[in-house]
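This briefing covers the helix packing and selected residues of the structure shown below.

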Amino acid sequence: MEWMTLAGTGVGAIVGVGATLLADRVRWHRELAERTRQERRQIYVTCLTRYRQAYEDMYAVALAHRHQEPTALDAAVREAFRGSGCDEVRESALICAPERLSDVIEEVYATLRELEDVFTAGQPALDSPEFQERRLKHAQAVWAARAAMRRDLEHRD
């Protein structure tokens, strides 16, 4: 009977250690998933914020330089875009975000580049319906990206 007590104690110890290891593994996985989610959230916020900053800076430059020669306007708008950090944050987002978000991130970037072309050309005029259409296209791409990013952040891996 002595060996049964010893065996029971051994089995109990094995079950206890196994349960502890399993609980630690589950907790580690949950913490890793939360840390990854927070990192993606930060990347998404930075991405959309930089895109917004690029738009605002290009718009301000285009407005301020609209009566200058085309080459000065072009250079000023392109510098505003470069200075925004859009390219860097776009690359971070494309590398760190799940592949299913690549298209929406790229769509926002593409519409922003289209606006850059409008600003550098000075056409259509910033108060024209044609410009408002292009601005709306960009805004819709931003809204679609926000929705996709929210879905991603709510998704549990």
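Contact means heavy atoms within 4.5 Å. On that basis, residues 24 or more positions apart account for 72% of the contacts in the chain with a separation of 6 or more. The model is predicted, so local features need pLDDT of at least 70 and side-chain atom pairs count only at pLDDT 80 or more, whereas totals for chains, interfaces and linings use all residues. Residues are numbered from 1 along each chain as its sequence is written, and side-chain values use heavy atoms, with hydrogens and water left out.

**Overall architecture**

- The chain has five helices and zero strands; helices (H or I, at least four residues) and strands (E, at least two) are DSSP runs, numbered from the N terminus.
- Read from the N terminus, the order of elements is α-α-α-α-α.
- Of the 157 residues in the chain, 31% are buried; buried means under 20% relative accessible area, exposed over 50%, and partly exposed in between (1.4 Å probe, protein chains only).

**Packing of α2 against α4**

- The axes of helix α2 (residues 70-83) and α4 come within 8 Å and cross at roughly 155°; axes are lines fitted to C-alpha atoms, for helices over the stretch in contact, and angles run from 0 to 180 degrees between N-to-C directions.
- That angle makes α2 roughly antiparallel to α4, given that angles under 35 degrees count as roughly parallel, over 145 as roughly antiparallel, 65 to 115 as roughly perpendicular and the rest as oblique.
- The crossing of α2 and α4 is right-handed; a crossing is right-handed if the near helix is turned clockwise from the far one by less than a right angle, and left-handed if anticlockwise.

**Packing of α4 against α5**

- The axes of α4 and α5 come within 9 Å and cross at roughly 160°.
- Helices α4 and α5 are therefore roughly antiparallel to each other.
- Their crossing is left-handed.
- Among the residues making the contact are V108, L115 and F119 of α4, together with F131, H138 and V142 of α5.

**The two faces of α3**

- In helix α3 (residues 86-96), C86, V89, R90 and A93 are buried.
- These residues lie on the same side of α3 because they cover an arc of only 105° around the axis, the arc being that of the directions from the helix axis to the C-beta atoms.
- Exposed residues E88 and I95 are carried on the face of α3 turned away from its buried side.

**E116 in α4**

- E116 belongs to helix α4 (residues 102-121) and is buried, with a relative accessible area of 2%.
- Its side chain makes a polar contact with the side chain of R113 (2.8 Å); a polar contact is a pair of N or O atoms within 3.5 Å, where within protein one must be able to donate a hydrogen and the other to accept it, and residues adjacent in sequence count only if both atoms are side-chain atoms.
- Beyond neighbours within four places in sequence, E116 is in contact with M58, V77, R78 and F81.

- S128 is in the loop between α4 and α5 (129-154) and counts as buried at 9% relative accessibility.
- The side chain of S128 makes a polar contact with the side chain of E130 (3.3 Å), and a polar atom of the S128 side chain lies 3.1 Å from the backbone nitrogen of F131.
- F131 lies in helix α5 and is buried, with a relative accessible area of 1%.
- Not counting residues up to four places away in sequence, F131 touches residues including Y55, Y59, L115 and P124.
- The C-alpha atoms of F131 and L115 are separated by 8.5 Å, and the two residues are 16 residues apart along the chain.
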